[in-house]
Amino acid sequence: MPLAFEPPYSSLARRDADLAARGFALLRASDVGAWLEADARSLDRLHGAWNDLPADGYLRDGGHYRRRRHSCCVVEAGQVTEAPHRAHWQPLEYNALHGGMQRWFEPVQEATGSDPLWRRILVQVGEAVSALHGPRPWYVEAHPFRIDTTDGIGRPTPEGAHRDGVDLVAVFMLERHGIKGGESRVFEAEGPSGQRFTLTEPWSLLLLDDARVIHETTPIQPLVPGALGWRDTLVLTYRRSGFQGD
């Protein structure tokens with residue numbers, strides 16, 4: 001049986017303090033549900049969109065294990081303004097595998113983007129990053145991901161341990177189905193300390209101060225050889241002063 005590390009959860013009341021003190025905060029699913037004022041039915045409804053994610057055609061390692069969409073918006077003072085659809089771009093400094101590429105992914109579906117829960121998520125995470133860095137317009141990129149075991153192994157972070165070049169990264173764990181692996185690792189960018197743990201609770205949340213920590217997730221494999229397994233996440237990045245590539 002693989003060794004599992006207990007996630008170092010923060011309470012909802014300690015979220016902002018822990019994020020400021022150690023560069024990350026991890027919330028239990030029950031706290032996330034309370035924070036979002038969301039019941040299981042509304043969370044399941046939103047998660048249903050992950051069954052219709054197009055394949056990622058840009059994987060430079062030749063894999064076929066990632067499905068995703070990508071949309072952008074600006075969050076300010078509790079309001080969400082959709083941005084024109086754009087390519088996802090990162091510099092090589094932050095993504096040695098896929099940096100420097102204009103990657104055009106299909107946008108988040110209209111039904112998802114207009115879902116009140118989706119918009120509440122964008123606003124609530126915006127409040128968390130404003131508590132950390134001060135209120136301002138936040139340029140948000142939303143990435144619904146499904147990593148599966150089509151190739152026998154799936155890589156949530158094929159670029160390895162990295163930063164994203166933003167102010168905050170939010171990783172919502174939505175589902176683990178028939179897999180092992182997928183351990184989250186968070187390290188100080190300028191220091192020796194690190195944490196490792198496995199996110200297992202649907203709708204638990206990892207918040208990362210991208211300037212202070214480096215993160216990665218280890219590969220996944222099927223629990224049953226030959227069976228298809230997957231790991232669903234919603235990754236949101238918040239950045240001041242515009243989108244990367246502007």
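The side chain of Asp232 makes a polar contact with the side chain of Arg146 at 2.7 Å, where a polar contact is a pair of N or O atoms within 3.5 Å, one of which, within protein, must be able to donate a hydrogen and the other to accept it, with residues adjacent in sequence counting only if both atoms are side-chain atoms. This is a predicted model, in which local features need pLDDT of at least 70 and side-chain atom pairs count only at pLDDT 80 or more, while totals for chains, interfaces and linings use all residues. Residues are numbered from 1 along each chain as its sequence is written, and side-chain values use heavy atoms, with hydrogens and water left out.

- Asp232 lies in strand E13; helices (H or I, at least four residues) and strands (E, at least two) are DSSP runs, numbered from the N terminus.
- Asp232 is buried, with a relative accessible area of 0%, and Arg146 is buried too; buried means under 20% relative accessible area, exposed over 50% and partly exposed in between, with a 1.4 Å probe and protein chains only.
- The side chains of Asp232 and Arg146 also meet in a salt bridge, at 2.7 Å from N to O, a salt bridge being a side-chain nitrogen of Lys or Arg within 4 Å of a carboxyl oxygen of Asp or Glu.
- That pair links distant parts of the chain, with Asp232 in strand E13 and Arg146 in strand E5 (residues 138-148), 86 residues apart.
- Leaving aside residues up to four places away in sequence, Asp232 touches His47, Trp50, Phe145, Arg146, Phe172, Met173, Leu174 and Glu175, where contact means heavy atoms within 4.5 Å.

**Other salt bridges**

- By the rule given above, the count comes to 13 salt bridges.
- Arg86 and Asp246 meet through their side chains in a salt bridge, at 2.7 Å from N to O.
- Arg86 lies in the loop between strand E4 (79-82) and helix H4 (110-113), and Asp246 in the segment after E13, so the pair ties together parts that are 160 residues apart in sequence.
- In that pair, Arg86 is buried, with a relative accessible area of 19%, whereas Asp246 is exposed, with a relative accessible area of 66%.
- Arg15 forms a salt bridge with Asp16, the closest N and O atoms being 2.8 Å apart; Arg15 is buried at a relative accessible area of 10%, while Asp16 is partly exposed at 32%.
- Asp56, Arg66 and Arg68 are linked in a network of salt bridges.

**Aromatic rings and charges over them**

- A search of the whole structure finds four aromatic pairs; rings of Phe, Tyr and Trp (its six-membered ring) pair if their centres lie within 6.5 Å, and planes under 30 degrees apart count as stacked, over 60 as edge-to-face and the rest as tilted.
- One of them joins Tyr58 and Phe105, whose ring centres are 5.4 Å apart and whose planes stand at 80°, so the pair is edge-to-face.
- Tyr58 lies in the loop between helix H3 (40-47) and strand E2 (66-68), and Phe105 in the loop between E4 and H4, so the pair ties together parts that are 47 residues apart in sequence.
- Tyr58 is partly exposed, with a relative accessible area of 25%, whereas Phe105 counts as buried at 5% relative accessibility.
- The rings of Tyr139 and Phe243 have their centres 5.2 Å apart and their planes at 85°, so this pair is edge-to-face.
- The pair of Tyr139, in strand E5, and Phe243, in the segment after E13, links distant parts of the chain, 104 residues apart.
- Arg68 lies over the face of Phe105, at 4.0 Å from the ring centre, and the charged end of Arg22 sits over the ring of Phe24, 4.3 Å from its centre; a charge sits over a ring if NZ of Lys or CZ of Arg is within 6 Å of the ring centre and within 35 degrees of the ring normal.

**Helix H1**

- The buried residues of helix H1 (residues 15-22) are Arg15, Asp18 and Leu19.
- These residues cover an arc of only 100° around the axis, which puts them on the same side of H1; the arc is that of the directions from the helix axis to the C-beta atoms.
- What covers the buried residues of H1 includes helix H5 (116-133) and strand E6 (168-177).
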